[in-house]
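Student: I have a structure open and would like to walk through it. Can we start with the strands and then move on to the helices?

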Amino acid sequence: MDSMTPSPPEADLRKFIFAIASGKGGTGKSTFAINLAVALASLGHDVALVDADLGGADLSTLLGITAPRYTLKDYMQGEVMYLSEILEETPSPGLRLICGGTDIVSISNPHYHQKVKLIKAISQLDASHIVVDLGPDITFNNLDFFNAAPVGFLVTQNMDAMILGFYRFLKAAFVRKLKQEFREDDFIMNIINDFQNRGWSHSRRDLIGTIRAASREAQELLDRILGTFQPKLVFNMVENSSAKKTADQMFSFILENFGFRLQTVGFIPRDRDVERAYARNEPFVLSAPRSAAARAFFDILIACNLNKTPDGTRLSSFAEFQARLKMEAGHWQLLKV
Amino acid sequence: MDNHPLKAASEGRGSDRRRREDRRKTYTDPKDLPFPDRRKGDRRQMDRRIVSDEEKTEILSRVVPPDGTAPKKPSENAG
């Protein structure tokens, strides 16, 4: 490496990295990702939003950026060396965006080494908070990005197809996590493969029980996985208390069958202000900071312990959050072309 | 020798070399991967079901519909 070539930054494990998934299209996943990123930026954090919906990227459009200088395609094809080079400025001063590439088919089917390289590069981005918007489908790429992030959000709606979609994604991610953690243990790997090969015709509970009974080491590792695999569930477009009841049902079902705790962190109500903001390519927390949806978003920040500024000050009231959003909205109006 | 065609060809490969070098530098030990390093196994897993029919029925029986009606009984979801 010559002296003019910058050294790649080291990964900072203290960073907040969030992966946003859904398992089904149309849940509002990308809208959630944008508003999470903008809300964190409004608190003063340095935020990078990564459009990792490989093949279906649209965050740049939703943020009103029609002609980005670079996209992920340029990085994955080696046109630029470091991922940080393709960070785009957005109307929000604290928020930068990595645009997805949709103009070539190969971007949605990256090679194995490209996936590894991209996951590493995302974790090394120079930002305190990184929000990664994944594709809606259940691919190994999406599952691996989801499991690689310290915090995973699943966005769903209280509808049969969307609940099934989120459940499929969650189960696939969990099984893949088990396989990653037990990869050196052929006996456990055979147990997991056997459940898969038989199409899960036996009780899911038997999988956890069988692993637990295999050995003391396996039991300890399993308990560690179950203690750390805690995806956060968000219900979007909520109309009444039925979503809360479904959330309780899903919590019980997953705890009974897989032994981990699914944390439902919020219910974003169906809101005309959100629909209007979406139509104008604006984050609803900025264009409608007093809306019920913005209020629900603040509750999500509290549930995730994210209602803090960089100096550690905790925002305890919605009014304080609104004041931050209004200040951020001012920047947005000022800079939007 | 400065104009030797082999040297020119060698210089011409400079950008490709840098790309290959970069790829080598980002090599990750499989033990450090955040996912299973069994690419051939992945291929086989693609043919495996994620959710069984019984499981699907059980999940749907737990969804509380927004219209306030009772969740569907498992038999209503069959087929």
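Tutor: Ile20(A) stands opposite Phe153(A) in S6(A). Before going on: this is a predicted model, where local features need pLDDT of at least 70 and side-chain atom pairs count only at pLDDT 80 or more, while totals for chains, interfaces and linings use all residues. Residues are numbered from 1 along each chain as its sequence is written, and chains are lettered from A and ligands numbered from 1 in the order in which they are written.

Student: Which strand pairs with S6(A) there, and in what sense?

Tutor: Strand S1 (residues 16-21) of chain A does, running parallel to S6(A) with four bridges between them. Two strands pair if DSSP finds at least two bridges between them. Strands are DSSP runs of E with at least two residues, helices are runs of H or I with at least four, and both are numbered from the N terminus.

Student: What about S7(A), how many bridges join S6(A) to that one?

Tutor: Four bridges, again in a parallel pairing, with S6 covering residues 151-156 and S7 covering residues 232-238 of chain A. Leu154(A) faces Leu233(A) of S7(A) in that pairing.

Student: Why call S6(A) largely enclosed?

Tutor: Because five of the six residues of S6(A) are buried, the rest of the structure largely encloses that strand. Buried means 20 or more other C-beta atoms within 10 Å of the residue's own, exposed means 12 or fewer, and partly exposed is in between, with C-beta atoms placed from the backbone.

Student: What is the order of the strands in the sheet?

Tutor: The open sheet has eight strands, in the order S3-S4-S2-S5-S1-S6-S7-S8 (chain A), with mixed pairing. Its edge strands are S3 and strand S8 (263-269) of chain A, each pairing on one side only.

Student: Take S4(A). What does it pair with?

Tutor: Strand S2 (residues 47-52) of chain A pairs with S4(A) in the parallel sense over four bridges, and Val50(A) is opposite Ile98(A) of S4(A). Strand S3 (residues 88-89) of chain A runs antiparallel to S4(A), joined by two bridges. Glu89(A) is opposite Arg96(A) of S4(A), and a hairpin of five residues connects S3(A) to S4(A).

Student: Are the faces of S4(A) covered or open?

Tutor: Both are covered. Leu95(A) and Leu97(A) on one side, and Arg96(A) and Ile98(A) on the other, are all buried in this strand (residues 95-98). In a regular strand the side chains alternate between the two faces of the sheet.

Student: Helices now. What span should H13(A) have?

Tutor: Helix H13 (residues 292-303) of chain A has 12 residues, which at 1.5 Å a residue should span 16 Å, and its end C-alpha atoms are 16 Å apart, so the two agree. The expected span is 1.5 Å times one less than the number of residues.

Student: Which of its residues are buried?

Tutor: Ala293(A), Ala294(A), Phe297(A), Phe298(A) and Ile300(A) are the buried residues of H13(A). They cover an arc of only 155° around the axis, which puts them on the same side of H13(A). The arc is that of the directions from the helix axis to the C-beta atoms.

Student: And what comes just after H13(A)?

Tutor: Asn305(A), which takes a positive phi of about 60°. Asn305(A) sits in the loop between H13 and helix H14 (318-335) of chain A, and counts as exposed because it has 8 C-beta neighbours inside 10 Å.

Student: Where is Asn281(A)?

Tutor: Asn281(A) is in the loop between helix H11 (272-279) and helix H12 (284-287) of chain A. Its phi is near 55°, a positive value in a residue other than glycine. With 16 C-beta neighbours inside 10 Å, Asn281(A) is partly exposed. Most residues other than glycine have a negative phi.

Student: How do H6(A) and H4(B) cross?

Tutor: The axes of helix H6 (residues 160-181) of chain A and helix H4 (residues 53-60) of chain B come within 10 Å and cross at roughly 125°. That makes H6(A) oblique to H4(B); angles under 35 degrees count as roughly parallel, over 145 as roughly antiparallel, 65 to 115 as roughly perpendicular and the rest as oblique. Axes are lines fitted to C-alpha atoms, for helices over the stretch in contact, and angles run from 0 to 180 degrees between N-to-C directions.
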